[in-house]
Amino acid sequence: MKRISTSHILVALLAVFTAANVDANDGASPASKAESPTVSPEHSSHSHWAFKPPVRPEVPETTTRTWIRNPIDAFVLSRLEKEKLAPSPEADRRTLIRRLSFDLLGLPPRIEDVDAFVADKRPDAYDLLVDRLLASPHFGERWGRHWLDLARYADSDGYEKDTARPYAYLFRDWVIDAVNRDLPFDQFSIEQLAGDLLPGATEAQKIATGFHRNTLTNKEGGVDQEEFRCKATVDRVSTTATVWLGLTVGCAECHNHKYDPIAQREFYQLYAFFNNASEKDLPAPGPAELAQYRQEKERWDEERDRLQSELAAYLREKAAANQTAWEQKVKLPAERWAILTVTKAASAGGSDLKVQNDGTVVVTGKNPDKDTYTLEATTDLKNVTGFRLEVFDDPAPGKGPGRSRNGNFVLSEFKVNVELESERDWKSAATGPATPQESRRAGSPHPNPLPKEREKQAAPAATSDRSKPAPALESTLPLPKGEGRGEGEGIAKPIEGSEHRKSRAVTPITLQQASADHAPKDWPVEGAIDGNAKTGWAIDPQFDQRHVAVFETEENIEVPAGAKLIFHLDQQYGSQHTLERFRLAATSSSGPLKADLMPDSIVWILETPVERRTQKEKDALAKYYREVVDPSTRTLNGQLVAHAKKESKFPETKAQTLAENEKPRQTYIHIRGDFLRKGEEVMPGTLAVLHAFKSRKVGQASSLPPVEKHSQEGPSSGSKEGTGWKPVLPDRLDLAEWLFDPANPLTARVTANRIWSRLFGRGLVATENDFGTRGESPSHPELLDWLATEFQRLGWSRKELIKLIVTSSVYRQSSEPRSELLARDPNNLLLARQSRFRLEAECVRDAFLSAAGLISPVIGGPSIRPPLPSDIAALGYANSVKWKDSEGADRYRRGLYIHFQRTVPYPMLMTFDAPDSNVTCTRRERSNTPLQALTTLNDPVFYECAQALGRRIAGQPAADASDQIRRVFELCLSRPPTKAEFDRLTRLHEDYSELIRRAPEQAAPIAGSHGGDAGRSAEIAALVGVARTVMNLDEFVTRE
Amino acid sequence: MESNFREIVQLTRRDFLTSTASGLGALAFASMLKADGLLAKDPAPTARNPLEPRPPHFAPKANACIFIFMEGAPSQMDLFDPKPKLNELHGQKLPESLVKEVRFAFIQKDSAVIMGSPRQFTKHGQCGMELSDLLPHLGSCADDIALIRSMHTDQFNHHPGQLMMNCGVATFGKPTIGAWLNYGLGSVCQNLPGYVVLTAGRGTSGGASLWSSGFLPSNYAGVLFRNQGDPVLNLSNPPGITSEMQHLGLDAIMDLNKLRMKTVADPEIASRISAYELAFKMQTSAPELMDLSGESKATLEAYGVDRDDPRLKADRGGGPGQYRAFARNCLLARRLVERGVRFVNIYHASWDHHSNLNAELKFNAGMADQPIAALLKDLKQRGLLDTTLLIWGSEFGRTPLGENRIGREPNTGRDHHPFAFSLWMAGGGVKGGQVIGETDEIGWSIVKEPIHINDFHATILHLFGLDHERLTYRFQGRDFRLTDVAGKVFEKLLA
């Protein structure tokens, strides 16, 4: 058996056991005690009803027995009898089915279902209806939405940047599914609090931990990330306590709870459970996404395999012979190029030029719009007839040889000068001229492969030592042949600031002919030597490959040893059209020079007799042949490359989850809630006023040996004393299981009460978020306890408990206010009737869409965006909120699928009191405002519903207008109109028809653009008027 | 009993529909319930009409407030709090002791230096209030203004700071000042919302959370009046529906709801009827409010509603026409207050001058100075200033240090500074012509009369006759206040 060391746990235990007695400690020094209120655990913890476990009460006897359908009725009736009040009669069937539909599905019943239920003579018709509704997949949407209120679900981060969370819906989908399959509430909860810690946790169980990923994230510039991580953790603690315990522990973030026996230390013990969790985004594509991906991928793989085998067959069977044939007939370029040794490289625009071992210049750093590179280079060639500029593709995807966005460049001017030091007694000259071989060893990594030297250079020098000085110079003046033609040549000028007085002879070299392997029509390479900075050489659209340009000198230039070639690569196009990778070479071959793309190395190999080629050279040649020359392989390779680009991407869908850190974070009390002020260290633990905490790893806490003295050290001290012992701290799974310990007095009560409140408009405990000493007492304490114990007896089945409640006589009562009750019990605490209340925001939308026949029944998936005026979205920070209206059937999805942007919530939802999703919401307000009226009257979405309903009725067979009016009424309100109602609507219909007769041009816009039958617009318009009126009645948005 | 019940419902209903002042019926209704002890624990207000005017705790000075919120934090040492020492110390580092414990949003401590100000401050009014040359018009109102140079807050990031300034705490989900005032006092305005929000410039960091009713019912949330389209979302009749048809439809809705109430005697139906009536009234009154054609030429010119924006390169967003929109909002604020609206919020974003401060602050101040001064004088001239509290404020201030964020040209702007910043109040029972508080010679810390945001809020509520400790709402088991757990009325501000 694992030896359990004590010291670290003892800290936690001590905390738990002493917390109730810890008074007035805000985590700071004792001096601050006076400022905090005192907790009196003796008073509150032991006498407060909610902290004592529920005991299953006897079902009371009542005088009237016939009313009793199940024990719920007995509890309520016995109280009513005491008050000498009679319960209300059962509501009529139309009201009942409407009530049940809204309560269980959040949708109005279909008129066919209403009629069927009214006509159903079976004795268990009601129960059958309940069963049918509980089995509907829309049940998960309705009760899932209730849960999402608690989970503060939203589709964006919150705070300034308020970045969208495109995959937040995965958690919503999980909730809907879990509710639909009636995942028992204990398991439902454990998976959300600690699904990642369950043995062999499934993807779904990890997605469930998204419950605590709905916290806010602040990505505003300059925020302290730790501050907001702490805030999120605090919220996780407070939310957990509110949702499962019905307690407000939040106060204890900063100080001991003023009223309830919760010490600040205990708050941070709970905090410690969550402090050790990290946010982890888990790839979690849905089955449909995955299936589509796999299908596409399979097709893609097949095609790739086919192309590959085709290529392999070709290479196996034909390539070698084709290569030999090619080698025999290939024409080698006439020119032989010597790579120049660049000794200095500078940028006028501040870019960073670095010379690689192979002579390539790579430009990095600052990326100015325009630039001029100046390069100083040497060559071993004695005379030069031309220069070559190679530009290389940056291997990074989307880049090219140039530094512009698409990899292009414009070489405005390419200029070359020859420069020679003219001072005779330059010191290094004393060391004497270097031979070409010496100079190569010294600084030229890439030998100049002039034909006569080539054989000596079969193995190029591999190293380069740039710290050595450039090769020494001879003092011959480098003058082009035909010296003296015109002014400007051979100007000798002193080098400023030089230690030695030296002078330079700089001679421009005239370039007469340029050619390139490729240039677009408007940017020919000739533009680079025409003296006009507005013209130049570019390479679009062939960005992702090497290119070559060659420049012929007007005359054969004699280059004395030690002379320097000074290149100016002028790039004046702008917008960063500058070179990124290039290399310079020179040649002595006589012209005309051609821009041949065959690399020098391949030329050398081809010049080497086959039998003298090394294997490496053979391989290089074969590779070159396949990749560059062979039309067959090039075609096949091209197909492969093109195919690779088409590879289907793995779906980006990522679930927001929590995962436990391997290395626990230490938790300290935050003095006064300030995360920068660390107080005492604490261990994970629960509230002393409640039942004992057990950790599944360390056994029952109370079974540990007593502690001798209170240690303030953390688990590290524990690991010191034993060998091989590792600290095992209680974790979130322990906390979650603790919540469902049968000894827990709160969770079952709190949850049963919350379920009750969704079905009666208020809880048996009206303060459904506060079961503490400041909360209200239950109106029916025995009933609450009976429900709490029954809930557990039913295996925490949400559906079973709901079924029990909605099949009671209490639930089935009429909700009509009774005069004698209004005075005695206006808030309906005694439950002598049902309650009548306005639908929630989402249900208001759903009721409109349903009556209109527009509603999309699709369940789950990404959030949708109904139409929203652009200036409303623009209220988000600096136009960062992107709101693209959904199209097609997505426009008509249920309200719970509306994208919830925290800083710019969808106005209709807020107008109807949807929670702002920033903190957990246990009860929605039910306001009644003019903005609500404006919304249902005029909002385009709601108007569209009225129009659709008008058209819907017009499209159905009807005897006359009266028939149509009745149908509108019944479709909306699930009942026929009374005579007075019918007469009033008939009058409205007549008035409307008359107005439209007088202004017929209004008919088409009212009937709507999808009116279809233009001849009936007037008829449809009048019906739209009736529909819009009925949909704006109090009864339409009220659950009775 | 039955007749009694009918009477109550009728009485209640009549009250909703007609009462502007007394609300006696609803109060009687509520007190009847209270007598039975059934409502005793319900949070106030108990009346069924949540916007029914309610008496304050004691005699108020103010009955309306216009809060001009300069989102992003204007630089106080370039507008309100002259610090000549900054020019002397320009380019020098601060002693490490001062910045050691401080967290900045963007400043790199190692190389941060003090940044001087090119602004000229002159004395204004009989009180001799020193204001920057960017605020010449405001200078002419100095004797009506109480300038506070010693505000401080807990937050140094925008959105939390803005929540703090509006809600008293830096967390989402809490009501704003405007929501609290409407909750505490109700609204006397029968055809407009009690809390109206006007915006100009770009979107703020806080978005709509800055006028949320938080945990209070949505009756108390700010209603955005838009700069385009309908002044209020969904105010206009939909396509094809003429006002005659709208009227017909509403009549039918009223009649049918009344018929329903005969069967189901739920006062909530009466409440729905009154909501529809107010909605219908708003359809007329809101466009009338927005229509400035009745304003005199002199008034329009005083506010500068036709001023074009000066040219400014690389501003902080918000697009063209900000000068017009802001001036118009100031004028609308007066019109709203005239019509009995309790709380008007004017937002302008952004004043977050991390760089290019001199040019951009000049642009913003040029936009704000004239219309705000005109508003103040206009209120005064119409006798509204005595009961209307006018506030210029923001979420925090800016540093005396220049900002040296990596990757930007250093010292052309200032970073966030929560330890000392300026705001001003006028009218509504505030004693004008005084400067409250003092900061040290570089404006880093407060040396005299510090006022925390909770104190500021306590003072605002006091001006409205409300005790900030008594104006509470029970939510999640706790009685919440605008002032959280702190706040002290700053007596010196009171006239």
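**Briefing: the contact between chains A and B**

In this predicted model, chain A contributes 84 residues to the contact and chain B contributes 74 residues. The model scores are ipTM 0.78 and pTM 0.75.

**Interface, chain A side**
- Seven helices of chain A each supply at least two residues of the side that touches chain B: α24 (819-824), α27 (907-911), α28 (930-938), α29 (940-954), α31 (979-998), α32 (1003-1007) and α33 (1017-1031).
- The largest share of this side, 8 residues, is provided by α31(A).
- Sorted by class, the side of chain A that touches chain B comprises 34 nonpolar, 27 polar and 23 charged residues.

**Nonpolar cores**
- The largest nonpolar core contains 329 residues, and A:Cys945 and A:Val968 have the most contacts inside it.
- Helix α12 of chain B (residues 357-381) gives the most to this core, with 12 residues.
- Beyond its neighbours within four places in sequence, A:Cys945 contacts A:Phe848, A:Leu849, A:Ala851, A:Ala852, A:Leu854 and A:Met1031.
- Another core, of 55 residues, lies apart from the largest one; among its members are A:Leu389, A:Val391, A:Val418 and A:Tyr573.

**Confidence of chain B**
- Chain B has a mean pLDDT of 87, with 90% of its residues at 70 or more.
- Residues 1-47 of chain B have pLDDT below 50, and this stretch has 65 contacts in the model beyond near neighbours in sequence.

Technical notes. Residues numbered from 1 in each chain as written. Chains lettered and ligands numbered in written order. Predicted model: local features only at pLDDT ≥ 70, side-chain atom pairs only at ≥ 80, totals over all residues. Contact = placed C-beta atoms within 7 Å. Helix = DSSP H or I, 4+ residues; strand = E, 2+ residues; numbered from the N terminus. Nonpolar A, V, L, I, M, F, W, Y, C, P; charged D, E, K, R; others polar. pLDDT = per-residue confidence, 0-100. Core = buried A, V, L, I, M, F, W, Y, C linked by C-beta atoms within 7 Å. Buried ≥ 20, exposed ≤ 12 C-beta atoms within 10 Å, placed from the backbone.
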